[in-house]
Amino acid sequence: MQKIKIFNNLTRSKEELKTVTPGLVKFYSCGPTTYDFLHVGNARALVVGDLFHRVMKSLGYQVTFVRNYTDVDDKIIDRANELKVSSIEHADRFVKECEKDMQYLGMIPATFTPKVTETMKEIIQMIEDLIKNGFAYEINGEVLYHVPLFKEYGKLSKVQLESLQHGIRVEVDGHKKHPSDFVLWKPAKSGEPFWESPWGNGRPGWHIECSAMAKKYLGKTIDLHHGGVDLQFPHHENEIAQSEAANSCEFCHTWAHNEFLNFGSEKMSKSLGNVVTIRKFVETYSGEVLRHILLSVHYRSKLDWSEEAIEKAVQEMERIHQFTIDLKKAFINGVIGEEMVTDLIVTEEKIKEELANDFNVPAAMGLFFGMIKDFNRVSKMGALNTNYAKKLREITSFIQESTGLVHKDAEDIMKKLNQTKKNLKGSSAGDEGQIEKLIEERKIARSTKNWARSDEIRAELTKLGVEVKDNPDGTVSWTYKA
Ligand SMILES: [Zn+2]
């Protein structure tokens, strides 16, 4: 097991990941509200949660990973009413769509993916505990958390309660004891779904679900909690207040937040501006490309949403998968690369260290690309040394498991990438049939030594955005230019 260092937002410092049980990480990540297709912005938190899960497992930890679905919410109820369907049915439909998106993004399954509708008993129990412990009060079927009683409120977001009092709009109805008090249980309005409770028919507020689900599946104290940076306040601050007041012990030791996807960038073209859902991106480009973009910068850095980011991802993915294809085809039992094996063992260690250092994927991938570059240089010289080839394969499968940035079916990915390049070019790109015909015609021109015609065809292909490659074995291949 390799010790992981992680930036803990509770202390605002990078620390060794502390776990209650050695070697076991109890990990919770806030999941999506399922009222519509997910926005590409949502994809970043999903993929970063998946990255933490994969890296911890790959470095030898046992991980119990909980990611919830918010399937009871105002947005869901409003949308369902507009569509004249039941809100539970509507939420369920989008849980399924969300699961599909996660597959497109190459995510591995979480250990538990609870829904609010399945956790009602535990939610109600936790609200009862909060009332019993004096931290919550009921007024006319509504239960509120009384924030000033939780002395450590603000310890994560560093928000001061005094500044909150002045900073937020005070509710006019004045039923709150303090303007920062938040809802744990709200009474049902007509036409809304409801559940029975000691305070009458109603439904839970948003924050309580994560506290209740974390406790149900992971216990009172968990090791690592993750979410988008926008959730730090008030959602995560409220989770801490609820869990610690209900359970009378520490809720979570380490809090990690990923930065936004930046849509305000000038580089974001109009065409990309229209691709707002994960599904639309997958249909236009591919889920693998989206994953690659999302992991191309460190999770705590902002990421500009731009066409350039897609182009860069495509180029890198082609480099990776051409390498895996070449490695599979390479001759072994030779001597090439023999003297590089020792260096490669060092590289492997460094890759693991980078991933263990606050999940530094860009640094790890930099080392991986260095390894590919060396391979591309020496592999043309002859048959590879068996140990060299074996080490290359081991490192590649480690990157595959830990980041999900290497895909098993390289040929299929290369085809998808070619399609992505075509779609990036838009209407100026030639269609495959037309290109194949020209390639055939060029072959004939070359075999009859009609160089003038062959050059003409190459120029035509260039205009169609195509790059032609004459392979050493006499075959011809082509791709859309990146
Ligand atoms: Zn949450």
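Buried residues have under 20% relative accessible area, exposed residues over 50%, and partly exposed residues lie in between (1.4 Å probe, protein chains only). The model is predicted, so local features need pLDDT of at least 70 and side-chain atom pairs count only at pLDDT 80 or more, while totals for chains, interfaces and linings use all residues. Residues are numbered from 1 along each chain as its sequence is written, and side-chain values use heavy atoms, with hydrogens and water left out.

Figure 1. The protein chain has 482 residues, of which 53% count as buried. Its C-alpha atoms fill a box of roughly 90 × 55 × 35 Å along the principal axes. The chain holds 17 helices and 14 strands; helices (H or I, at least four residues) and strands (E, at least two) are DSSP runs, numbered from the N terminus. Three domains are assigned: domain 1 (5-258), domain 2 (307-412) and domain 3 (429-480). These bounds come from an automatic or database domain assignment. Among contacts in the protein chain with a separation of 6 or more, 77% are between residues 24 or more positions apart; a contact means heavy atoms within 4.5 Å.

**Figure 2. The interface of domain 1 and domain 2.** The C-alpha centres of domain 1 and domain 2 lie 39 Å apart. Domain 1 brings 11 residues to the contact and domain 2 brings 13 residues. The size of an interface is often given as the accessible area lost when the parts come together. Between domain 1 and domain 2 about 1,100 Å² is buried, with 64% of it on carbon and sulfur atoms. Buried area here is the accessible area (1.4 Å probe) that two parts lose on being put together, summed over both. Six residue pairs are in polar contact between domain 1 and domain 2, both residues being at pLDDT 80 or more. A polar contact is a pair of N or O atoms within 3.5 Å; within protein, one must be able to donate a hydrogen and the other to accept it, and residues adjacent in sequence count only if both atoms are side-chain atoms. Zero salt bridges are found across this interface, where a salt bridge is a side-chain nitrogen of Lys or Arg within 4 Å of a carboxyl oxygen of Asp or Glu.

**Figure 3. The side of domain 1 that touches domain 2.** Across the interface of domain 1 and domain 2, where the rule finds zero salt bridges, the elements giving two or more residues on the domain 1 side are strand 1 (5-8) and helix 1 (40-58). Helix 1 gives the most, with six residues. By class, this side of domain 1 has seven nonpolar, one polar and three charged residues. Ala, Val, Leu, Ile, Met, Phe, Trp, Tyr, Cys and Pro count as nonpolar, Asp, Glu, Lys and Arg as charged, and the others, Gly among them, as polar.

**Figure 4. The surroundings of Glu288.** Glu288 is in helix 10 (residues 287-294). Glu288 counts as buried because its relative accessibility is 15%. Its side chain makes a polar contact with the side chain of Lys416 at 2.9 Å and another with the side chain of Ser286 at 3.4 Å. Leaving aside neighbours within four places in sequence, Glu288 is in contact with Tyr104, Met317, His407, Ile413 and Lys416.

**Figure 5. Two salt bridges within helices.** Side chains of opposite charge can pair when their charged atoms come close. Lys100 and Glu97 form a salt bridge, with the closest N and O atoms 3.5 Å apart. Both residues are in helix 3 (residues 87-104), and because they are three residues apart, about one helical turn separates them. Lys100 is partly exposed at 40% relative accessibility, whereas Glu97 is buried at 14%. In helix 4 (residues 120-132), Asp129 and Lys132 are also three residues apart, and so are separated by about one helical turn. Their side chains meet in a salt bridge (3.7 Å, N to O). Asp129 is buried at 11% relative accessibility, and Lys132 is exposed at 65%.

Figure 6. Asp358 forms a salt bridge with Arg300, the closest N and O atoms being 2.8 Å apart. Asp358 is in the loop between helix 12 (341-356) and helix 13 (361-378), and Arg300 is in the loop between helix 10 and strand 12 (303-304), so the pair links distant parts of the chain, 58 residues apart. Asp358 is buried at 1% relative accessibility, while Arg300 is partly exposed at 34%. Elsewhere, a network of salt bridges links Asp74, Lys186, Lys189, Glu192 and Arg203. The structure holds 37 salt bridges.
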